[in-house]
Amino acid sequence: MWIRWPADFRYRHFDPRHAALAPKNTEKESQIVDNCIFCKIAAGKIPAKTVYEDDDVIAFHDIHPAAPVHVLIVPREHIPTLADANEKHTALLGRMMVLAPKLAAELGGGYRHTPEGPMGGFKTLVNSGPDGGQEVYHLHLHVMGGPRPWRSER
Ligand code: 5GP
Ligand code: ZN
């Protein structure tokens, strides 16, 4: 039996340009480890006061700030502790450290060299394991700053 295809059948059904026009899933793809609060924040599944994000890291205000400025820089990848990081994470960890002073400055807790001497400042901290005081087992860098006194000396 002869089937008469519509004249534009090939274009409508096989033209590879259609693949390029197809709607893409624009939601950031993040690996979510069960019951990991920071994986869920990174994936946008639970809210946080985000101050920075890119493909590799997200930074948001700590829910219980210990200082006037207290943000957490969190890799999207679920690395449980700093002890689980390896050589392939070297650039990622470096980027987190370089981001810290920028975020501190943007949020009012930056360090400045001035003619009168050093001014302002912030602390960076990674807690690892029970004896290191870690509560959330998804690697994160605390950035705490702003005028003292702070709520707690971590
Ligand atoms: P750790 O002791 O593991 O180094 O610090 C974990 C930090 O995560 C704590 O300072 C705590 O206040 C913060 N935190 C825990 N749960 C949440 C949350 O759901 N949202 C935000 N923004 N911070 C959280
Ligand atoms: Zn996680």
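## The sheet

Five strands make up an open sheet in the order E1-E2-E3-E7-E6, and the pairing is antiparallel. Here two strands count as paired if DSSP finds at least two bridges between them, while strands (E, at least two residues) and helices (H or I, at least four) are DSSP runs numbered from the N terminus. Strand E1 (50-53) and strand E6 (122-125) sit at the edges with a single partner strand each, so one side of each has no neighbour in the sheet. From one strand to the next, the twist averages 15°.

E1 and E2 pair in the antiparallel sense over three bridges, and Glu 53 stands opposite Ile 58 in E2. Helix H4 packs on this sheet, touching E1, E2, E3, E6 and E7, and its direction makes about 160° with that of E3. Axes are lines fitted to C-alpha atoms, for helices over the stretch in contact, and angles run from 0 to 180 degrees between N-to-C directions.

## About the model

This is a predicted model, where local features need pLDDT of at least 70 and side-chain atom pairs count only at pLDDT 80 or more, though totals for chains, interfaces and linings use all residues. Residues are numbered from 1 along each chain as its sequence is written, with chains lettered from A and ligands numbered from 1 in the order in which they are written.

## The chain overall

The chain has four helices and seven strands, running α-α-α-β-β-β-α-β-β-β-β along the sequence. Of its 154 residues, 19% count as buried, meaning 20 or more other C-beta atoms (placed from the backbone) within 10 Å of a residue's own. Among contacts with a separation of 6 or more, 54% join residues 24 or more positions apart; a contact puts two such C-beta atoms within 7 Å.

## The nonpolar core

The largest nonpolar core holds 22 residues, and Ala 59, Val 71, Ile 73 and Val 143 touch the most other members. Such a core is a set of buried Ala, Val, Leu, Ile, Met, Phe, Trp, Tyr and Cys residues joined through C-beta atoms within 7 Å. E3 gives the largest share of this core, five residues.

Leaving out residues up to four places away in sequence, Val 143 touches Val 71, Ile 73, Ala 100, Leu 103, Ala 104, Phe 122 and Thr 124.

## Around ligand 1

Ligand 1 is surrounded by 13 residues, the closest being Ile 63, His 64, Asn 127, Glu 135 and Val 136. To be near the ligand, a residue needs its C-beta atom, placed from the backbone, within 6 Å of it.

How values were computed
A residue is buried if 20 or more other C-beta atoms lie within 10 Å of its own, exposed if 12 or fewer, and partly exposed in between; C-beta atoms are placed from the backbone.
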